[in-house]
Amino acid sequence: MLNATTLQDAAVLLAELQARGVTLATAESCTGGLIAAALTAIPGSSATVLAGYVTYSNEAKTRLVGVPEAMLAAHGAVSEPVARSMAEGALADSGAGIAISCTGIAGPSGGSAAKPVGLVFIGCARRGMETQVERHVFPGDRGAIRAATVDAAFGLIRRALTE
């Protein structure tokens, strides 16, 4: 799952974060911790990666990163508001400078017409900035969807660093 290109991208991203003195936290659902795993595979990452929350269940989303139960009931776990809340909750709890979140349907089952397999929302919260959320529908099998989510999350973090 973590190929050489992903690990190289993780190393470059860590260097960018470290050069700016920005720390990071992750709140992951559909990736099950792959974003944090890619980043922490790099030596010296402990200076930058403060926390990683794997919030696979709705209960964990509420308990660990403060997603309101009413929000989950109203929008479902795979939604823009939940991705936003996950990122903001991880930012608040961890004390990091940036937090990235993801929630989605990696498949092969669980999709619907309204929320197909491959649908992923990625949120990025940064202190002093408006939280950004991207909606993606990634093609492929479970592994491809999860890998694409990691790559897209890295891209969103990079954009947050340059804004």
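**Helix 3 and its surroundings**

Mentor: Helix 3 (residues 58–65) and helix 5 (residues 80–94) have axes that come within 9 Å and cross at roughly 35 degrees. Axes here are lines fitted to C-alpha atoms, for helices over the stretch in contact, with angles from 0 to 180 degrees between N-to-C directions. Helices (H or I, at least four residues) and strands (E, at least two) are DSSP runs, numbered from the N terminus. This is a predicted model, where local features need pLDDT of at least 70, side-chain atom pairs count only at pLDDT 80 or more, and totals for chains, interfaces and linings use all residues. Residues are numbered from 1 along each chain as its sequence is written, and side-chain values use heavy atoms, leaving out hydrogens and water.

Trainee: Which residues make the contact between helix 3 and helix 5?

Mentor: K61, L64 and V65 of helix 3 meet V82, S85, M86, G89, A90 and D93 of helix 5, where contact means heavy atoms within 4.5 Å. By class, that is five nonpolar, two polar and two charged residues. Ala, Val, Leu, Ile, Met, Phe, Trp, Tyr, Cys and Pro count as nonpolar, Asp, Glu, Lys and Arg as charged, and the others, Gly among them, as polar.

Trainee: Why are the buried residues of helix 3 said to line one face?

Mentor: The buried residues are A60, K61 and V65; buried means under 20% relative accessible area, exposed over 50%, partly exposed in between (1.4 Å probe, protein chains only). Seen down the axis of helix 3, they fall within an arc of 105 degrees, so they line one face. That arc is taken from the directions from the helix axis to the C-beta atoms. The face turned away from the buried side carries exposed E59 and R63.

Trainee: What makes S45 count as buried?

Mentor: S45 has 6% relative accessibility, so it counts as buried. S45 sits in the loop between helix 2 (34–40) and strand 2 (49–54), and touches L14, L39 and T40, not counting residues up to four places away in sequence.

Trainee: How do you know that S45 has a polar contact with I42?

Mentor: A polar atom of the S45 side chain lies 3.1 Å from the backbone oxygen of I42. A polar contact is a pair of N or O atoms within 3.5 Å; within protein, one must be able to donate a hydrogen and the other to accept it, and residues adjacent in sequence count only if both atoms are side-chain atoms.
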